[in-house]
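The following exercises are to be worked with the sequence and the model at hand. Each task is followed by a solution in steps.

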Amino acid sequence: MVKIAVLISGSGSNLQSLIDNVRNGYINGEIKLVVSSSPSAYGLQRANDAGIKGLCIKDQNELLKTLKDENIDLIVLAGYLAIVSSEIIHEYHNRIINIHPSLIPSFCGKGFYGLHVHKAAMKRGVKVSGATVHFVSEEVDGGPIILQESIDVSDCDTPEMMQKKVLTIEHKILPKAVKLYCDNKLEVIDERVKIK
Ligand code: GRF
């Protein structure tokens, strides 16, 4: 059984979608640990409610030690706002998954998080946006793409409405990507993900 750590910083609605999909048997893995970069993240409450160990860790060396101590196989960044250290990225090469609320390579990289992403997309007048799940590399939002799904954007949408629509998709494709990982269906060849 794949042992998963979910890293969060905020509300944790993506964490909740993972918890639900482990519970209903869709994901063949176990969420052993939830780590928050902030002590007040609501996601910690969600972990607690689900009976999952939840910790607030800010130091990346301490984080790596904890991940190793817990024998974590897969790390999922679900709204994690801290920068993951190069050491962790190397140690967990192609074993860290991130969810980003745009169609990468649009509206991603440094500074593109939360509502900033949707504001920039609206400002540019995009007709579609969406969400991307990818493996994490040293380049921010630059690792191999696992899954993407789009939404239509209408003239009367606000960034907040777009965020809500995109979140609905996130809650579908993040559990799907984690399921594929746990079922050993993901292979990275030449920096591209092949779904077996
Ligand atoms: C999501 O939009 C995710 O794509 C981004 O941060 C947000 C986290 O939302 N990385 P939540 O905490 O899962 O509700």
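**Exercise 1.** Which atom of Gly12 lies 2.7 Å from an oxygen atom of the ligand, one of the backbone or one of the side chain?

*Solution.* The model is a predicted one.
Step 1. In Gly12, a backbone N or O atom lies 2.7 Å from a ligand oxygen atom.
Step 2. Asn14 also uses its backbone: one of its polar backbone atoms is 2.8 Å from an oxygen atom of the ligand. For Ser11, by contrast, a polar side-chain atom lies 3.0 Å from a ligand oxygen atom.
Step 3. The protein covers 83% of the accessible area of 370 Å² that the ligand has on its own.
Step 4. The residues that surround the ligand are Ser11, Gly12, Ser13, Asn14, Gly79, Ile99, His100, Pro101 and Glu170.

**Exercise 2.** Describe how helix 5 and helix 6 cross, and identify the residues in contact.

*Solution.*
Step 1. The axes of helix 5 (residues 115–124) and helix 6 (residues 159–182) come within 9 Å, crossing at roughly 115°.
Step 2. The crossing of these two helices is right-handed.
Step 3. Helix 5 contributes Leu115, His118, Lys119, Ala121 and Met122 to the contact, while helix 6 contributes Pro159, Glu160, Met162, Gln163 and Val166.
Step 4. By class, the residues of the contact of helix 5 with helix 6 are six nonpolar, two polar and two charged.

**Exercise 3.** Locate Pro105 and Asn94, and state the backbone geometry at each.

*Solution.*
Step 1. Pro105 belongs to the loop between strand 5 (96–100) and helix 5. The peptide bond from Ile104 to Pro105 is cis, with omega near 15°.
Step 2. Asn94 is in the loop between helix 4 (86–91) and strand 5. Although Asn94 is not a glycine, its phi is positive, at about 55°.

Note on methods:
Residues are numbered from 1 along each chain as its sequence is written. This is a predicted model: local features need pLDDT of at least 70, side-chain atom pairs count only at pLDDT 80 or more; totals for chains, interfaces and linings use all residues. Side-chain values use heavy atoms; hydrogens and water are left out. Axes are lines fitted to C-alpha atoms, for helices over the stretch in contact, and angles run from 0 to 180 degrees between N-to-C directions. Helices (H or I, at least four residues) and strands (E, at least two) are DSSP runs, numbered from the N terminus. A crossing is left-handed if the near helix is turned anticlockwise from the far one by less than a right angle, and right-handed if clockwise. Contact means heavy atoms within 4.5 Å. Ala, Val, Leu, Ile, Met, Phe, Trp, Tyr, Cys and Pro count as nonpolar, Asp, Glu, Lys and Arg as charged, and the others, Gly among them, as polar. A residue is near a molecule or strand if one of its heavy atoms lies within 4 Å of it. A polar contact is a pair of N or O atoms within 3.5 Å; within protein, one must be able to donate a hydrogen and the other to accept it, and residues adjacent in sequence count only if both atoms are side-chain atoms. Accessible areas come from the Shrake-Rupley method with a 1.4 Å probe; for residues, only the protein chains shown count as cover.
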